[in-house]
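Hi,

Here is the structure I promised to pass on. Have a look at it first, and then read my notes below.

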Amino acid sequence: MGKSKGKGKQKATDTPSSPPRPYLPRNYEIPERTSSLAPLHSQKRIELLRQSNHDLKRKASELSQSSDQSNPEDFLWLRQEQVRNQEQQYQALFEGLRESFANGELEKEVFLSLASDCWTKRAKLTNEDVTISRQRARILQELGEAKHKVEPDHAAAYAELLTNIWRSHETPAGWESRNQHEHSHWKDALCHFYDAKDPEDEDRLWCPIIKEYASSLHRTAAHIVPHSIGYSNAGYLFGEPSQGAKIIWSLRNGLVMESTMEKRFDKGDFVLVPIPTDSGQPSRWRFILMNEKLRSYKIDVLSRYKKIGDLDGTELEFKNENRPAHRFLYYHFVSTLLRYVRYEKPGWAEKRVNLPTGKIWATPGPYLRKSMLQALASVIGDCEPSEEVFDGVFDGKGGKPPQEEKLIAQEILVDREQRMENEKFELPIDM
């Protein structure tokens with residue numbers, strides 16, 4: 001997420017020129033009428049979590065009333081436990097709703113609406129959880145300063161602090177803002193790398209998916225691994241902890257795309273999968289449509305293809321021998337697959353991209369850290385990754401503790417859900 005031009009980060013104590021929307025610590029209570037739509041075992045699980053949350057709220061209330069014994073550490077611990085409890089409630093609710101839907105006990109439109117609400121709230125709760133973990137020292141310091149007031153109000157100070165952290169785009173991982181000049185320079189280099197400029201008109205650029213030249217106004221330099229996941233996370237994912245910036249801005253982490261296709265790529269409406277090639281030959285890539293609802297959508301550009309479904313299964317065409325890196329497209333493929341796994345019948349997504357080789361990824365290789373793939377599967381897809389997906393992982397030395405890897409996976413989840421926040425939620429196929 002970028003910052004305003006020419007403005008530095010604001011401290012939590014700064015007075016904003018235009019008041020940001022205040023952060024209010026919320027208790028996302030699940031209505032009884034909603035939880036009753038889940039199976040009985042899910043309802044019991046949610047009720048146990050509700051009771052635990054009520055105990056935490058009671059302790060927080062008692063703490064706030066005894067200001068002489070109140071301290072920031074206790075307040076922050078209780079707040080984080082409440083957040084995690086509520087995230088677990090929504091996870092249990094989602095799993096229950098998914099089970100009811102799979103069993104034919106819940107209509108599609110009802111599931112669609114409730115599932116969307118679950119993941120929106122889970123992402124918000126996860127964002128707060130990760131913010132507390134990543135910014136703990138800063139939060140404790142500022143809450144400690146509030147303690148010296150006559151009547152310290154930790155809840156109010158905490159709410160103000162998070163308002164300013166998120167207002168100044170200080171996301172949990174300290175994600176680096178994308179400088180527009182830097183991105184423009186990268187786009188120019190990307191066009192040169194792929195020889196994308198039309199020899200007869202340099203303002204026209206080639207899209208290897210649509211296979212047409214068009215005005216640069218209709219072409220976007222697309223990151224495959226999003227810039228917004230942060231340099232440190234990118235470095236760790238690919239086993240090069242000190243090379244995060246180099247990975248994100250690698251020319252092999254980009255493609256020149258038709259602008260609307262770039263948005264669909266970012267959403268995971270389609271993936272690019274490898275076609276087996278002979279050793280020493282440039283890699284070949286195939287377009288696989290994941291969102292079946294788009295099959296009949298018209299392509300709103302001049303192209304030999306009239307509908308998005310016409311692109312399904314077609315091979316990309318490049319103007320030279322340079323290609324995107326397998327490991328970056330593998331990351332996009334896996335993260336897309338995991339997101340689809342949430343909503344689909346078991347095995348649907350894997351079958352959708354099954355290749356003639358019998359594998360879902362035709363070129364095995366050490367692309368992603370294995371333990372991180374497991375963390376991503378747990379956080380993003382609520383699942384365990386299939387053995388087929390492990391063809392693209394490495395064990396790697398210098399791994400982080402599981403809790404730290406979970407934090408990274410949560411940051412990636414929050415980033416993806418925030419980028420999708422204004423997009424219409426829909427199931428990718430009619431079930």
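Before the strands, a word on terms: two strands count as paired if DSSP finds at least two bridges between them. Helices (H or I, at least four residues) and strands (E, at least two) are DSSP runs, numbered from the N terminus. This is a predicted model, where local features need pLDDT of at least 70 and side-chain atom pairs count only at pLDDT 80 or more, while totals for chains, interfaces and linings use all residues. Residues are numbered from 1 along each chain as its sequence is written, and side-chain values use heavy atoms, with hydrogens and water left out.

**E6 and E7**

With that rule, strand E6 (residues 270–275) and strand E7 (residues 284–289) make an antiparallel pair with six bridges. If you want a place to start looking, take Val273, whose bridge partner in E7 is Arg286. Six of the six residues of E6 are buried, so the strand is largely enclosed by the rest of the structure. By buried I mean under 20% relative accessible area; exposed is over 50%, and partly exposed is in between (1.4 Å probe, protein chains only).

Gly268 follows H10 and has a positive phi, near 85°. Around here you'll also find a salt bridge between the side chains of Asp269 and Arg264, at 3.5 Å from N to O. Asp269 is buried, at 3% relative accessible area, whereas Arg264 is partly exposed at 22%.

**The three-stranded sheet**

There is also an open sheet of three strands, in the order E1-E2-E3 and with antiparallel pairing. Strands E1 (197–198) and E3 (212–215) are at the edges with a single partner strand each, so one side of each has no neighbour in the sheet. E1 and E2 are joined by two bridges, and Asp198 has Asp201 as its bridge partner in E2.

Asp198 does something else too: its side chain meets that of Arg204 in a salt bridge (3.3 Å, N to O). Asp198 is buried, with a relative accessible area of 10%, and Arg204 is partly exposed at 31%.

As for Asp201, this residue lies in strand E2 (residues 201–207) and is partly exposed, with 34% relative accessible area. Asp201 also belongs to a negative surface patch, together with Glu200, Glu202 and Asp203. Patches here are made of residues with over 30% relative accessible area and no salt bridge, with like charges joined within 9 Å and nonpolar side chains (Val, Leu, Ile, Met, Phe, Trp, Tyr) within 5 Å.

Asp195, in the loop between helix H7 (180–193) and E1, has a phi near 55°, which is positive in a residue other than glycine. Asp195 is partly exposed, with a relative accessible area of 41%.

Lys211 sits in the loop between E2 and E3 and has a positive phi of about 65°, although not a glycine.

Tyr305 is in the loop between E7 and helix H11 (326–341), and is buried with a relative accessible area of 12%.

**Salt bridges**

In total, the structure holds 16 salt bridges, each being a side-chain nitrogen of Lys or Arg within 4 Å of a carboxyl oxygen of Asp or Glu. One of them links Arg134 and Glu404, whose closest N and O atoms are 2.8 Å apart. Arg134 is in helix H4 (residues 108–134) and Glu404 in helix H14 (residues 402–419), so the pair ties together parts that are 270 residues apart in sequence. Arg134 is partly exposed at 28% relative accessible area, and Glu404 is partly exposed too, at 23%.

That's what I have so far.

Cheers

Definitions and conventions. Accessible areas come from the Shrake-Rupley method with a 1.4 Å probe; for residues, only the protein chains shown count as cover. Lys and Arg count as positive and Asp and Glu as negative; His and the chain ends are not counted. The place of a charge is taken as NZ of Lys, CZ of Arg, CG of Asp or CD of Glu.
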